[in-house]
Amino acid sequence: MKLSQKIAELRKSHNWSQEELAYRLGVTRQSVGKWESDAALPELDKVVQMADIFGVDAALRRERIRRYADAFELTGDLAQPIAAYSHGMKQKLAVIAAWL
């Protein structure tokens, strides 16, 4: 499942409008709309905030991060990509995917 779909699914499961989720995250409704339409990616701090809002378990988050880090061959320190910029984007996507 794509991140955009997951955000929309979680939002709808709480019966929230894009405007309601935006308010809770301190962003605009347009930002949420862009995330849900694959026009933009949320910043990592917003992903963490969404994971908290939607109640994603911290242990599950850590396990997912480890699994995605292994899959993308990241270093132990997730802040340090081991390849070029495109790998850095994979790193960001892996972390985002792991949190939700």
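**View 1. Val32, a buried residue of helix H3.** In this predicted model, Val32 has 0% relative accessibility and therefore counts as buried, the cut-off for that class being under 20%. Val32 is placed in helix H3. Leaving aside residues up to four places away in sequence, Val32 touches Arg11, Gln18, Leu21, Ala22 and Val27. One of these, Ala22, lies 10 residues from Val32 in sequence, and the two C-alpha atoms are 6.2 Å apart.

**View 2. Packing of helix H1 against helix H3.** Helix H1 spans residues 3-13 and helix H3 residues 29-36. Their axes are 7 Å apart and form an angle of about 125 degrees. On the H1 side, the contact is made by Ser4, Ile7, Ala8 and Arg11. On the H3 side, Val32, Trp35 and Glu36 take part. By class, the residues of this contact are 4 nonpolar, 1 polar and 2 charged. Val32, the buried residue of View 1, is thus one of the H3 residues that meet H1, and Arg11 of H1 is among the residues that Val32 touches.

**View 3. Crossing of helix H2 and helix H4.** Helix H2 covers residues 18-25 and helix H4 residues 44-54. The two axes come within 10 Å and cross at roughly 110 degrees. This angle makes H2 roughly perpendicular to H4, because it falls in the range of 65 to 115 degrees. The crossing of H2 past H4 is right-handed. From H2, the residues in contact are Leu21, Arg24 and Leu25. From H4, they are Lys46, Gln49, Met50, Ile53 and Phe54. The contact of H2 with H4 comprises 5 nonpolar, 1 polar and 2 charged residues. Leu21 of H2, listed here in the contact with H4, also touches Val32.

**View 4. The chain as a whole.** The secondary structure consists of 6 helices and 0 strands, in the order α-α-α-α-α-α from the N terminus. Of the 100 residues in the chain, 33% are buried, Val32 being one that counts as such. Among contacts between residues at least 6 apart in sequence, 54% join residues at least 24 apart. The chain exposes about 6000 Å², and carbon and sulfur atoms supply 52% of this area.

How values were computed
Residues numbered from 1 in each chain as written. Predicted model: local features only at pLDDT ≥ 70, side-chain atom pairs only at ≥ 80, totals over all residues. Heavy atoms only, no water. Axes fitted to C-alpha atoms, helices over the stretch in contact; angles between N-to-C directions. Helix = DSSP H or I, 4+ residues; strand = E, 2+ residues; numbered from the N terminus. Parallel < 35°, antiparallel > 145°, perpendicular 65-115°, else oblique. Left-handed = near helix turned anticlockwise from the far one by under 90°. Contact = heavy atoms within 4.5 Å. Nonpolar A, V, L, I, M, F, W, Y, C, P; charged D, E, K, R; others polar. Buried < 20%, exposed > 50% of the residue type's maximum accessible area, 1.4 Å probe, protein only. Areas by Shrake-Rupley, 256 points an atom, 1.4 Å probe, with all protein chains shown as cover.
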